[in-house]
Amino acid sequence: MKILIKGGYIVNEGRVFNGNIVIEDGNIIEVTKQQPEASFDETIDASGCYVLPGVIDDHVHFREPGLTAKADIESESRAAAAGGVTSYFDMPNCAPQTTTVEALEEKYALAAKKSHVNYAFFYGVTNDNAESLSKLDGHRIPGVKLFMGSSTGNMLVDKQEALERVFKNCKLPLMAHCEDTDIINRNMANAQEAWGEDPPVALHAMIRSEEACLSSTQKAVALAKKYGTRLHVAHISTAEELEMLSPYSTDHDSIATKITAEACVGHLFFTQLDHERLGSRIKVNPSIKTPVDQYMLRQALTDGRIAVIGTDHAPHLLAQKEGGCAKAASGMPMIQFSLVTMLELVDEGVLTIARMVELMCHNPARLFGVEHRGFLRKGCRADIVIVRPKSPWTVTRDNILSKCGWSPMEGHEYQWKVERTLCNGQTVYANGAIDANVIGVAITFNHS
Ligand SMILES: [Zn+2]
């Protein structure tokens, strides 16, 4: 099967140029400005469009197994494909939690049957399972997820000696959710004293405060420096945390002991003032902070202190999002709209399209050692998204594919549209429709 993607603006490794991509048996075999002369089984006309590597989302919660009323691998991988995301790394706080090798194997078996894009699963570390880290197969997983302060119960690692053990023993990328639980609990108690049992959601950023993020991120960075751990700090939400990070540059940084950071689309697009309009729909942990924090996060996209953009796609049923700081669930779906949202920020001049591709495609591949994906290069798998500018459409309940059926973006008009998504050379999404026969594969990693 030989496919030609003809005549779009190819965005790859810092360059934007009009060109053609030749795909054979699911692999990119040529990227060229010339018109290829061979004959093809299929020709995809991309004129007027931009052709990007498929997005690699390093942070999703697809809720399977166990929490499938909210979401499942089949439904959310559809949303991913429609959003131009061809690979995702799913987090371990499902039920059972992915904190044993058996639970990890179960998730790979589920995804192999029904994920419409490529998949990989983080292993979750707890206060008690640090010994099992040495048994993990680094070729198959992106890394280990650590909750340093969070509401996810027994996956919280809060004992100092357990933390030291994790940072010392973890030879894979260690992705950390950093929020200090003691500070949060104290703030919550104060807020409840003033406002009652369920303080209004506008106070979320005062409870899940800047100080809580700072204290925990500081601790993680110090431990990573002490043990030489490959730390990736998830969803940075404050300007102050950025000051602890040094820019990641592919020119002079070896990734082995580098400390890197992720920003999430929600924190880049919303500010805490949006609670007024969207209530608890955008309640998320860590909380969405001030316009100044948002501005500084956006700056850090270009200066390298933020290395990756993820979604923290975390669906809940709308009923579970009701209430205030104590009652409403934290987390929101985003994967279907992450690429078009970031393209909107490109239009606003926040970052260039080439830099966006670094942050959403190249760097997730580099930081986690993803094999043969994340680039439009000869020899890579043909994970490709074609997007069209100046093509307005509006998010409605009807076009949301996530199982929860709602989005914080409802009513929003986008100018960019995902026209087609190819996963391993197969069109999984085109003209608004998913081809449910397309199934992704397990992503492989080289962490050396
Ligand atoms: Zn998360």
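**The zinc site and beyond**

Trainee: What coordinates the zinc ion?
Mentor: His 59 (NE2), His 61 (NE2) and Asp 312 (OD) coordinate the zinc ion, at 2.0 to 2.2 Å. Donors here are N, O and S atoms within 2.8 Å of the metal (3.2 Å for Na, K and Ca), and water is not among the atoms, so sites may look incomplete. Bear in mind that this is a predicted model: local features need pLDDT of at least 70, side-chain atom pairs count only at pLDDT 80 or more, and totals for chains, interfaces and linings use all residues. Residues are numbered from 1 along each chain as its sequence is written, and side-chain values use heavy atoms, with hydrogens and water left out.

Trainee: How are the donor residues spaced in sequence?
Mentor: The pattern is H-x1-H-x250-D.

Trainee: And His 59 and His 61, buried or exposed?
Mentor: His 59 and His 61 are both buried. Buried means under 20% relative accessible area, exposed over 50%, and partly exposed in between (1.4 Å probe, protein chains only).

Trainee: Switching to Asp 293, where does that lie?
Mentor: Asp 293 lies in helix H10, residues 291-303. Helices (H or I, at least four residues) and strands (E, at least two) are DSSP runs, numbered from the N terminus. Asp 293 counts as buried because its relative accessibility is 7%.

Trainee: What is Asp 293 in contact with, leaving aside its neighbours within four places in sequence?
Mentor: Glu 210, Ser 237, Thr 238 and Ala 239, where contact means heavy atoms within 4.5 Å. Thr 238 is 55 residues from Asp 293 in sequence, yet the two are 5.1 Å apart in space, C-alpha to C-alpha.

Trainee: Which side chain does the side chain of Asp 293 make a polar contact with?
Mentor: That of Thr 290, at 2.7 Å. A polar contact is a pair of N or O atoms within 3.5 Å; within protein, one must be able to donate a hydrogen and the other to accept it, and residues adjacent in sequence count only if both atoms are side-chain atoms. A polar atom of the Asp 293 side chain also lies 2.8 Å from the backbone nitrogen of Ala 239.

Trainee: OK, sheets. In what order do the three strands of the open sheet come?
Mentor: The order is E6-E7-E8, with parallel pairing. Two strands pair if DSSP finds at least two bridges between them. Strand E6 (55-60) and strand E8 (118-121) are the edge strands, each pairing on one side only.

Trainee: How many bridges between E6 and E7?
Mentor: Four, with E7 covering residues 85-90. Val 60 stands opposite Asp 90 in E7.

Trainee: Which helix lies across E6 and E7?
Mentor: Helix H12 (residues 353-368), running at about 65° to E6. Axes are lines fitted to C-alpha atoms, for helices over the stretch in contact, and angles run from 0 to 180 degrees between N-to-C directions.

Trainee: Last topic: how many aromatic pairs are there?
Mentor: The count is 15. Rings of Phe, Tyr and Trp (its six-membered ring) pair if their centres lie within 6.5 Å; planes under 30 degrees apart count as stacked, over 60 as edge-to-face and the rest as tilted. Tyr 9 and Tyr 50 form a tilted pair, 5.2 Å centre to centre with 35° between the planes.

Trainee: Which residues form the one aromatic cluster?
Mentor: Phe 62, Tyr 88, Tyr 108, Tyr 119 and Phe 121.
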